[in-house]
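Thanks for coming. I have one model to go through today, and I will keep to what was computed from it. Please have the picture open while I talk.

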Amino acid sequence: TLEARAELARAAIVNLLAWFGWLRAVELFSLTWGDLTILEPPDGPTFDLPVGTGVVLARLLPETKSSKTITADVVMAYAATLGLCLGKWLHRLRRSLDLDVFPQSQERIFQHADGSPWDSHYFRSTYLWPLLQMQRLAGDAHLRPFDGLNGSKTLEQVFYSMHSYRRGARSVVSKRRLPPLRQATTDEINEHGR
């Protein structure tokens with residue numbers, strides 16, 4: 001159904017926004033449609049980007065910053081080098097909501113059919129933990145140890161908040177990488193982490 005498609009698209013977008021934007025839970029789950037600007041890849045040159053490069057801009061709540069008077073913008077890739085595509089999932093959500101264009105309203109992006117907002121616990125208990133558990137049971141070497149047996153931690157204990165996305169993403173960009181990828185600079189890390 002369109003409602004089920006919207007639900008799954010929202011879950012994918014939470015996953016990608018948390019990873020690409022290093023967003024805190026309050027920043028992520030308070031996003032409204034008006035907080036996002038989507039620059040499609042063909043329009044990259046209008047922002048001095050190469051042709052074929054798109055971005056998603058997020059305006060965040062001023063109260064989540066160290067300066068209460070400044071709203072920071074976070075710039076995220078429309079599509080990552082390895083194929084994860086935030087832009088595609090935003091369009092899937094738009095279409096499942098039967099919208100011709102992205103709205104610029106103050107309606108929350110992450111909400112249930114009844115209008116109540118999503119939160120970190122809902123996302124983690126409904127999507128993150130069950131899907132990671134499926135991967136663990138399928139033999140994922142990184143997740144295998146988190147079975148809760150013999151004093152080991154469970155997935156719920158390891159992924160106890162959305163902050164795990166910030167830590168994980170920072171670790172990934174801090175490592176030396178093979179071209180065409182590269183290690184992020186300290187300034188890039190500090191700026192993106194705000």
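How many helices and how many strands does the protein chain have? There are seven helices and three strands, where helices (H or I, at least four residues) and strands (E, at least two) are DSSP runs, numbered from the N terminus. Before the details: this is a predicted model, local features need pLDDT of at least 70, side-chain atom pairs count only at pLDDT 80 or more, and totals for chains, interfaces and linings use all residues. Residues are numbered from 1 along each chain as its sequence is written, and side-chain values use heavy atoms, with hydrogens and water left out.

Along the sequence, the pattern reads α-α-β-β-β-α-α-α-α-α. Of the 194 residues in the chain, 39% count as buried; buried is under 20% relative accessible area, exposed over 50%, and partly exposed in between, with a 1.4 Å probe and protein chains only. For contacts (heavy atoms within 4.5 Å), 58% of those with a separation of 6 or more are between residues 24 or more positions apart.

Now the strands. Two strands pair if DSSP finds at least two bridges between them. Strand 1 and strand 2 run antiparallel and are joined by four bridges, with Leu 36 opposite Ala 58 in strand 2. Strand 2 also pairs with strand 3, again antiparallel, over five bridges; there, Arg 59 stands opposite Asp 73 in strand 3. Why call strand 2 largely enclosed by the rest of the structure? Because four of its five residues are buried.

Next, helix 3, residues 86-96. Its buried residues are Leu 86, Gly 87, Leu 90, His 91, Leu 93, Arg 94 and Ser 96. An α-helix has 3.6 residues a turn, so residues three or four places apart point the same way. What covers the buried residues of helix 3? The cover includes helix 1 (2-21), strand 1 (36-39), strand 2 (55-59) and strand 3 (73-77). Just after helix 3, Asp 98 has a positive phi of about 60 degrees.

On to the aromatic residues. Rings of Phe, Tyr and Trp (its six-membered ring) pair if their centres lie within 6.5 Å; planes under 30 degrees apart are stacked, over 60 edge-to-face, and the rest tilted. The whole structure contains seven aromatic pairs. One of them, Trp 118 with Tyr 127, is stacked, at 6.1 Å centre to centre and 20 degrees between the planes. Tyr 122 and Tyr 127 have ring centres 6.4 Å apart and planes at 80 degrees, so that pair is edge-to-face. Trp 118 counts as buried because its relative accessibility is 2%. Tyr 127 is buried too, at 12%, whereas Tyr 122, at 21%, is partly exposed. Ring pairs link Phe 29, Phe 110, Trp 118, Tyr 122, Phe 123 and Tyr 127 into a cluster.

Last, the second largest pocket. Its space is about 190 Å³. Which helix supplies the largest share of its lining? Helix 4 does, with six residues; helix 1 and helix 4 (120-137) each supply at least two. Among the lining residues are Leu 8, Asn 15, Phe 123, Tyr 127, Gln 135 and Tyr 165. The lining divides into nine nonpolar residues, two polar and no charged. For the terms, a pocket is found on a 1 Å grid over the protein atoms alone, as an open set of points where a 1.4 Å probe fits, with protein on both sides within 12 Å along at least five of seven lines; lining residues have an atom within 4 Å of a point. Grid points are joined across faces, edges and corners, and the volume is the space filled by probe spheres set on them. Ala, Val, Leu, Ile, Met, Phe, Trp, Tyr, Cys and Pro count as nonpolar, Asp, Glu, Lys and Arg as charged, and the others, Gly among them, as polar.
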